[in-house]
Amino acid sequence: MSSATLTKSVDTTTKASKKAPPKRSEFDDLPRSLRPSPVVRILVVVGLVLAFIYFIAPIYWLVVSASKSNTDLITSNPLLPANNNFVANYESLMGWTGGMFWRWVANSVFYSTVAGAVGTLFSVAAGYSLAKFRFFGKNTILGVVMSGLLLPIALLTIPLYLMFSQLQLTETIWAIIIPSCVSPFGVFLGLVYSRNSVPDEMLEAARIDGAGELRIFFSLVLRLLAPAMVTIFLFIFVATWNNFLLPLLMVSSTAELKPVTLGLYGMMSYFNPVYGAVLQGAIFGVIPLILLFLGLQRFWQAGLAAGSVKG
């Protein structure tokens, strides 16, 4: 073999060895029977795109319509922006609300945050007690909590109003915060998470070391249930934020205490409202919820996973 042929053979072998390894798919580690077919992958992608459009389309329409006048909302293309009346609509929003709009948004944030924090602590404590302690009437209490899941909050609003009226707590912040702190669904989630994520062996070891029940709960249990607490907090926060009938009965006569949902309802009930201004209020009112979900998304997903897998 000549030296030129040998050199060419060596070069070919070197190039072949330098070739990148075949690209691995995220499904290569799965058994062949569990790997999705190309058709299934395409269908999944198409489904995700359609779901994305379904959820993003209302937000897009809301942003576009918030910059239109009442006439443009009827005559212009609903998917395209028209004359830019964003500033005029904002001035209408501030003018109709008497500058109280951002106060209403702050009220909603305050009510939802306090109710979410207190309700989460109560829910986790109640769920932990039902999951890890034996006491008389435990099954009865659990049945009452489960039955509470079946009752819509609107059904309880009138009795709550009568009760708080007798206590002279209407037209106060407590008329919104106290009922919103009670969450049967949060207690149920706290029970499920406590049962699956808090080992009995750890509790026994802490008791042997001399730790009291309160110290065990606040030092150990709450740390284990942190992802679950984020999930419960989000549920209570959103439920309080979206609650409309309770504030309508409790604080409808005091403008300074209204949440943003009640304030926008008052604007819509006005004769010939500026719809673009109302839509702007809806956008500004939903921004705190979006920021909250984006900020707590990682913890929320971890909490859902922790509740679906038995530890």
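Residues 307-311 have a pLDDT under 50, where pLDDT is the predictor's confidence in each residue, from 0 to 100. For this stretch the model has 6 contacts beyond four places in sequence, a contact being heavy atoms within 4.5 Å. Where pLDDT is low, predicted coordinates should not be read in detail. The protein chain averages a pLDDT of 82, and 84% of the residues score at least 70.

The model is predicted, so local features need pLDDT of at least 70 and side-chain atom pairs pLDDT 80 or more, while totals for chains, interfaces and linings use all residues. Residues are numbered from 1 along each chain as its sequence is written, and side-chain values use heavy atoms, without hydrogens and water.

Helices are DSSP runs (H or I, at least four residues), numbered from the N terminus. Helix H5 (residues 101-132) and helix H14 (residues 260-268) have axes that come within 8 Å and cross at roughly 145°. Axes are lines fitted to C-alpha atoms over the stretch in contact, with angles from 0 to 180 degrees between N-to-C directions. Phe-101, Trp-104, Val-105 and Ser-108 of H5 meet Val-260, Gly-263 and Leu-264 of H14. This contact holds 5 nonpolar, 2 polar and no charged residues. Nonpolar means Ala, Val, Leu, Ile, Met, Phe, Trp, Tyr, Cys and Pro; charged means Asp, Glu, Lys and Arg; the others, Gly among them, are polar.

The largest pocket is lined by 22 residues. Ile-153, Pro-179, Val-182, Ser-183 and Pro-184 lie nearest its centre. A pocket is an open set of points on a 1 Å grid over the protein atoms alone, where a 1.4 Å probe fits, with protein on both sides within 12 Å along at least five of seven lines; lining residues have an atom within 4 Å of a point. H12 gives the most to the lining, with 5 residues. The lining has 16 nonpolar, 6 polar and no charged residues.

Definitions and conventions
Helix = DSSP H or I, 4+ residues; strand = E, 2+ residues; numbered from the N terminus.
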